[in-house]
Amino acid sequence: MSPNSVSPGSARSAAVLNEQIRALWIRAGGSLSTQERAEYELLVVEWAAAVRDEVIEAA
């Protein structure tokens with residue numbers, strides 16, 4: 001997945017995004033390249049939004 005493929009307002013759940021973040025770290029062997037770092041940052045932003053949306057839905 002390229003960093004450009006992550007879109008704001010994605011319908012992916014926090015759990016799915018968390019798994020993608022974990023998989024990225026495993027693939028990278030614990031040390032992210034510049035491109036992987038950009039992908040990681042986008043995934044974390046999307047994950048945080050998904051968590052926020054899930055909390056709002058639960059309320």
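Contact here means heavy atoms within 4.5 Å.

**View 1. The whole protein chain in a predicted model.** Residues are numbered from 1 along each chain as its sequence is written. In this predicted model, local features need pLDDT of at least 70, side-chain atom pairs count only at pLDDT 80 or more, and totals for chains, interfaces and linings use all residues, while side-chain values use heavy atoms, with hydrogens and water left out. The protein chain has two helices and zero strands; helices (H or I, at least four residues) and strands (E, at least two) are DSSP runs, numbered from the N terminus. Among contacts between residues at least 6 apart in sequence, 57% join residues at least 24 apart.

**View 2. The surface of the protein chain.** Its accessible surface (Shrake-Rupley method, 1.4 Å probe) comes to about 4100 Å², and carbon and sulfur atoms account for 57% of that. Of the 59 residues, 20% count as buried, meaning under 20% relative accessible area (1.4 Å probe, protein chains only).

**View 3. Helix α2, residues 34–58.** The end C-alpha atoms of α2 are 36 Å apart, which agrees with the 36 Å that its 25 residues should span at 1.5 Å a residue; the expected span is 1.5 Å times one less than the number of residues. E39, L43, E46 and A50 of α2 are buried, and their cover includes α1 (14–28).

**View 4. The largest nonpolar core.** Eight residues form this core: A14, L17, I21, L24, A28, L32, L43 and A50. Both α1 and α2 give two or more residues to the core, and α1 gives the most, with five. A nonpolar core is a set of buried Ala, Val, Leu, Ile, Met, Phe, Trp, Tyr and Cys residues joined through side-chain atoms within 4.5 Å.

Methods:
Buried means under 20% relative accessible area, exposed over 50%, partly exposed in between (1.4 Å probe, protein chains only).
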